[in-house]
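Here's a quick tour of some local features worth a look before you set anything up. Grab the viewer and follow along.

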Amino acid sequence: MIRNRDELLAGDDSGKRATALALLEAGLHAVDPRRATLAALERIRAGGRSLDRVTLLAFGKAAEPMVRAALEVLEPARGLVVTLGAATFSGLEVVRASHPSAEEGALDAGRRAFALAESLSDEDTVVVLVSGGGSAMLESLLPGVPFDAFRALTDALRESGAAIDELNAVRMAFSAIKGGGLSEAFYPARVINVVVSDVPGMAPWLVASGPTLPAEAGAKLPDVRAILERRGVGDLVTPELLSALEREPPERRWDHIVTEIAADSRTARDAMVESARALGLRALAYPRFLTGEARLAGSIFVRGSLRQPTDVIVASGETTVRVAGKGRGGRNQEFVLGAAPLVGEGVLASMGTDGVDGSSPAAGALVDRTLLERAERKRLDRDAALENNDSYSYFAAAGGTLLTGPTGTNVADICVYVR
């Protein structure tokens with residue numbers, strides 16, 4: 001899975017790099033969307049849910065492999081697939097969308113999803129395959145909300161370092177399809193959600209901003225106005241956007257919906273722990289999900305790891321990056337670069353499970369003493385790289401990037417520290 005494995009392992013006398021890479025790959029294998037989707041559908045069928053007269057909807061970064069899995073066991077009469085790739089599926093409509101910024105394809109996908117809903121009755125079942133990244137790929141804005149203004153606001157919010165729950169709360173405020181809007185349109189048809197979740201430590205209804213996912217009882221989104229003020233993007237709220245913010249949230253019906261989590265970041269994290277123990281190592285899962293500013297979170301993670309009586313500690317989560325520079329990189333590479341001075345004799349590695357880290361072609365990065373010595377010989381400036389959000393250039397020159405290409409799954413990020 002890690003394409004540059006041989007280069008990364010050159011001179012790995014301690015074997016710690018090999019261990020780190022093996023555990024990351026174990027995590028990726030555990031969240032393979034095809035296997036996870038097949039298992040989830042089997043659990044649904046074993047629970048007595050009918051999977052006859054099915055309409056299929058899939059959106060998110062894992063849409064294509066999830067659809068392939070579903071077609072092995074289902075015979076949908078029709079359906080819609082919203083994907084980043086160019087796949088085709090017999091009998092199903094396919095819309096190509098983009099990520100992380102929403103483009104016109106997302107609006108086309110939203111129109112087609114609502115059109116699909118118009119043909120349903122109480123005798124139909126909609127199997128919805130949801131995965132991370134879907135927020136930018138499936139959209140239908142409230143009447144009067146300009147797409148360009150919405151996109152400018154959400155792009156600026158993402159670059160400000162907003163957490164995923166903040167970003168999705170803002171998206172829901174302006175959307176007719178998110179926050180259960182699509183499941184309401186599907187009523188009275190039954191809705192069965194199969195979810196590959198990228199929302200670590202949070203409710204599944206936030207995945208892809210929840211077009212068909214029911215909110216938990218008593219759950220509340222963060223205050224949108226407070227988010228916009230805190231993140232310094234309030235000046236991008238146009239009069240049309242402000243008008244949408246003043247609306248009362250609509251009531252939703254949820255009794256026609258069943259949700260099955262196929263895989264999430266805990267699935268990957270737990271598989272990494274098991275794999276380490278199978279290698280005879282003492283291994284622990286970090287006690288909380290990783291959040292916060294990436295360059296600081298990495299240091300916190302390593303310091304916490306050093307206090308544990310273990311050989312290996314693994315974690316999952318999703319940190320954020322406040323984009324101030326013009327370099328290339330992503331949250332995983334900033335996570336590793338921020339912690340680099342603390343690694344000692346160990347190896348720290350972190351990667352996005354989707355295989356893409358921010359604006360770079362890398363999935364993440366790895367660092368140890370050998371890499372830091374090489375970077376010093378090349379006169380690479382760690383502080384300057386952090387200041388310019390240019391972690392990719394640093395690791396590409398030092399030989400620490402993790403390269404996988406798109407993995408076809410997305411359950412946020414996984415990391416490992418081998419002492």
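R78 comes out at 25% relative accessibility, so it counts as partly exposed. Bear in mind that this is a predicted model. R78 sits in strand β2, which covers residues 78-83. Its side chain makes a polar contact with the side chain of T55, at 3.0 Å.

Leaving out residues up to four places away in sequence, R78 touches V54, T55 and L56, then G91 and L92, and finally L116, S119, L120 and D124. There's also a C-alpha to C-alpha distance to check: R78 and E93 are 15 residues apart in sequence and 7.9 Å apart in space.

Start with M137, in the loop between β4 (125-131) and α6. Its relative accessibility is 0%, so M137 is classed as buried. Skipping residues up to four places away in sequence, the contacts of M137 include G60, K61, V82, T83 and L84. A97, S98, G105, A106 and A109 are also touched by M137. Between M137 and A208, 71 residues apart along the chain, the C-alpha separation is 8.6 Å.

T409 belongs to another loop, the one between β11 (401-402) and β12 (413-418). Its relative accessible area is 2%, under the 20% cut-off, so T409 is buried. The T409 side chain reaches the backbone oxygen of V31 at 2.9 Å. S265, by contrast, is placed in helix α11, residues 265-278. At 2% relative accessibility, S265 counts as buried. The side chains of S265 and S316 make a polar contact at 3.4 Å. Not counting residues up to four places away in sequence, S265 touches S197, P200, F289, S316 and V411.

## How the helices pack

Which way do α6 and α7 run relative to each other? Their axes come within 10 Å and cross at roughly 170 degrees, with α6 covering residues 147-159 and α7 residues 164-173. That angle is over 145 degrees, so the two helices are roughly antiparallel. On the α6 side, F150, L153, T154, L157 and R158 do the meeting, and on the α7 side E166, L167, V170 and R171. Sorted by class, the residues of this contact are 5 nonpolar, 1 polar and 3 charged.

Next up is α3 (residues 33-46) with α4 (residues 63-73): the axes come within 8 Å and cross at roughly 40 degrees. So α3 and α4 are oblique to each other, and the crossing is right-handed. From α3, the contact uses P33, R34, T37, L38, L41 and R45, while α4 brings P65, M66, A69, A70, E72 and V73.

L371, L372, R374 and A375 in α14 meet Y394, F395 and A398 in α16. By class, this contact has 6 nonpolar residues, no polar ones and 1 charged.

Most residues other than glycine have a negative phi, and most peptide bonds are trans. The peptide bond from H99 to P100 is cis, with omega near 10 degrees, and P100 lies in the loop between β3 (93-96) and α5 (104-118). The bond from Y187 to P188 is also cis, with omega near 10 degrees. P188 is in the loop between α8 (181-186) and β5 (190-196).

What about phi at R53? R53 has a positive phi, near 50 degrees, and is not a glycine. R53 is in the loop between α3 and β1 (54-59), and at 48% relative accessibility it counts as partly exposed. N389, not a glycine either, has a positive phi of about 50 degrees. The loop between α15 (382-387) and α16 holds N389, which is buried, with a relative accessible area of 6%.

How values were computed: Residues are numbered from 1 along each chain as its sequence is written. This is a predicted model: local features need pLDDT of at least 70, side-chain atom pairs count only at pLDDT 80 or more; totals for chains, interfaces and linings use all residues. Side-chain values use heavy atoms; hydrogens and water are left out. Axes are lines fitted to C-alpha atoms, for helices over the stretch in contact, and angles run from 0 to 180 degrees between N-to-C directions. Helices (H or I, at least four residues) and strands (E, at least two) are DSSP runs, numbered from the N terminus. Angles under 35 degrees count as roughly parallel, over 145 as roughly antiparallel, 65 to 115 as roughly perpendicular and the rest as oblique. Contact means heavy atoms within 4.5 Å. Ala, Val, Leu, Ile, Met, Phe, Trp, Tyr, Cys and Pro count as nonpolar, Asp, Glu, Lys and Arg as charged, and the others, Gly among them, as polar. Buried means under 20% relative accessible area, exposed over 50%, partly exposed in between (1.4 Å probe, protein chains only). A polar contact is a pair of N or O atoms within 3.5 Å; within protein, one must be able to donate a hydrogen and the other to accept it, and residues adjacent in sequence count only if both atoms are side-chain atoms. A crossing is left-handed if the near helix is turned anticlockwise from the far one by less than a right angle, and right-handed if clockwise.
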